[in-house]
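Open your viewer, switch to a cartoon view and keep the selection tool handy. We will go from stop to stop, and at each one you will hear what to pick and what is there.

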Amino acid sequence: MKINENTLLEGHNAVLVPYNAEHVPRYHEWMKSPELQQLTASEPLTLEQEYDMQKSWREDDDKCTFIILDKQRWADTSVEEEQCMVGDVNIFLTDPTDPSLAELEVMIAEPSHRGKGIGKEVTRMMMSYGVTKLGVKKFEVKIGLDNQVSVAMFKKLHFQEVSVCKVFKEVTLEMMVDEPVRARLLDDTADMKERDYRQTCSNRQELVSQ
Ligand SMILES: CC(C)(COP(=O)(O)OP(=O)(O)OC[C@H]1O[C@@H](n2cnc3c(N)ncnc32)[C@H](O)[C@@H]1OP(=O)(O)O)[C@@H](O)C(=O)NCCC(=O)NCCS
């Protein structure tokens, strides 16, 4: 969707930026990994298909995506943005009759950046954005039964297991955003800052010099 095409969300260790064409080559490299294909239940795409996919994430009203950047690295203006990418986080509005229902996906593609709290941080940031800007009232995640790390992370974030599909070997977890959940989420992301992406790009060092 276009709502976040110039939105930057700043957290403690990560910065979320809109998924642009310049991110596609690195994204495409990541998705050649059989491990990531399996963990995210994705099919490999050609580079051309990946560019089409980027366009569809930007244009379609039911999809919202951010690329996750290493904040410390990105604040160094000598490093190209593509070299700061560590993963992505997405919301997909699955039900055309109910835009308050969102499927959530997160991927820390760079193994060196896993297990450092970034997955949890960016998931909370995306949920907060989804609740406040997109009006999401229920989140759902579908996770491969073998992906214990991801299941553990979402349970830690208070998602409840609702079903297991043995055929697809996946578990579905969900979270209803009632008032206490909303309050906790906003509290957990109270330090998150929303900025103008293009403006911040030309003044990246301000992220660590405040
Ligand atoms: C799953 C994933 C998003 C988690 O992100 P992360 O940054 O590695 O995780 P975090 O460091 O934020 O940890 C979040 C929680 O996950 C769990 N976790 C993290 N690493 C773990 C490990 N090695 N073993 C078991 N649990 C682990 C813990 O419950 C942790 O919470 P805690 O630190 O408070 O105990 C990330 O590992 C990833 O993207 N993996 C590859 C792709 C993938 O599986 N995507 C999800 C598809 S549904």
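## The shell around the ligand

Start at the ligand and select H6: with 5 residues, this helix gives the most to the shell around the ligand. A residue is near a molecule or strand if its C-beta atom, placed from the backbone, lies within 6 Å of it.

Before you go on, a word about the model. It is predicted, and local features need pLDDT of at least 70, side-chain atom pairs count only at pLDDT 80 or more, while totals for chains, interfaces and linings use all residues. Residues are numbered from 1 along each chain as its sequence is written.

Now show the side chains of Leu 39, Arg 114, Gly 119, Lys 120 and Met 153, which come nearest of the 21 residues around the ligand. Colour by element next: helix H2 (34-39), E5, H5 and helix H6 (148-156) each give two or more residues to this shell. Colour by class and you get 10 nonpolar, 7 polar and 4 charged residues. For that count, Ala, Val, Leu, Ile, Met, Phe, Trp, Tyr, Cys and Pro are nonpolar, Asp, Glu, Lys and Arg are charged, and the others, Gly among them, are polar.

## The sheet

Select the strands. An open sheet of 9 strands runs in the order E7-E8-E6-E5-E4-E3-E2-E1-E9, with mixed pairing; two strands pair if DSSP finds at least two bridges between them. At the edges are strand E7 (160-165) and strand E9 (193-196), each pairing on one side only. Ignoring direction, neighbouring strands are turned by 25° against each other on average. Axes are lines fitted to C-alpha atoms, for helices over the stretch in contact, and angles run from 0 to 180 degrees between N-to-C directions.

Zoom in on E1 and E9, which run antiparallel and are joined by 4 bridges. Thr 7 is the residue opposite Asp 196 in E9.

Bring the helices back. H5 packs on the sheet and touches E1, E2, E3, E4, E5 and E6, its direction making about 155° with that of E5. H6 also packs on the sheet, touching E6 and E8, and its direction makes about 160° with that of E6.

Then cross to E8. Antiparallel E6 is joined to E8 by 7 bridges, and antiparallel E7 by 5 bridges. Which residue in E8 is the bridge partner of Gly 144? Select Glu 170 to see that partner; Glu 170 is also the bridge partner of Cys 165. E7 and E8 form a hairpin with 4 residues between them, and in the turn Lys 169 has a positive phi of about 50°.

Centre on Phe 66. Setting aside residues up to four places away in sequence, Phe 66 touches, among others, Leu 9, Leu 16, Val 89 and Met 126; contact means C-beta atoms, placed from the backbone, within 7 Å.

Next, select helix H3 (residues 47-59), where Asp 52 lies. Is Asp 52 buried or partly exposed? Asp 52 counts as partly exposed because 13 C-beta neighbours lie inside 10 Å. The cut-offs are 20 or more other C-beta atoms within 10 Å for buried, 12 or fewer for exposed, and partly exposed in between, with C-beta atoms placed from the backbone.

Move along H3 to Arg 58, partly exposed with 18 other C-beta atoms within 10 Å. Leaving aside neighbours within four places in sequence, Arg 58 is in contact with Lys 2, Glu 5 and Tyr 19.

Finish in the loops. Ala 41, in the loop between H2 and H3, has a positive phi of about 50° although it is not a glycine. His 158, in the loop between H6 and E7, is another non-glycine with a positive phi, about 75°. His 158 counts as exposed because 11 C-beta neighbours lie inside 10 Å.

Definitions and conventions: Two residues are in contact if their C-beta atoms, placed from the backbone, lie within 7 Å.
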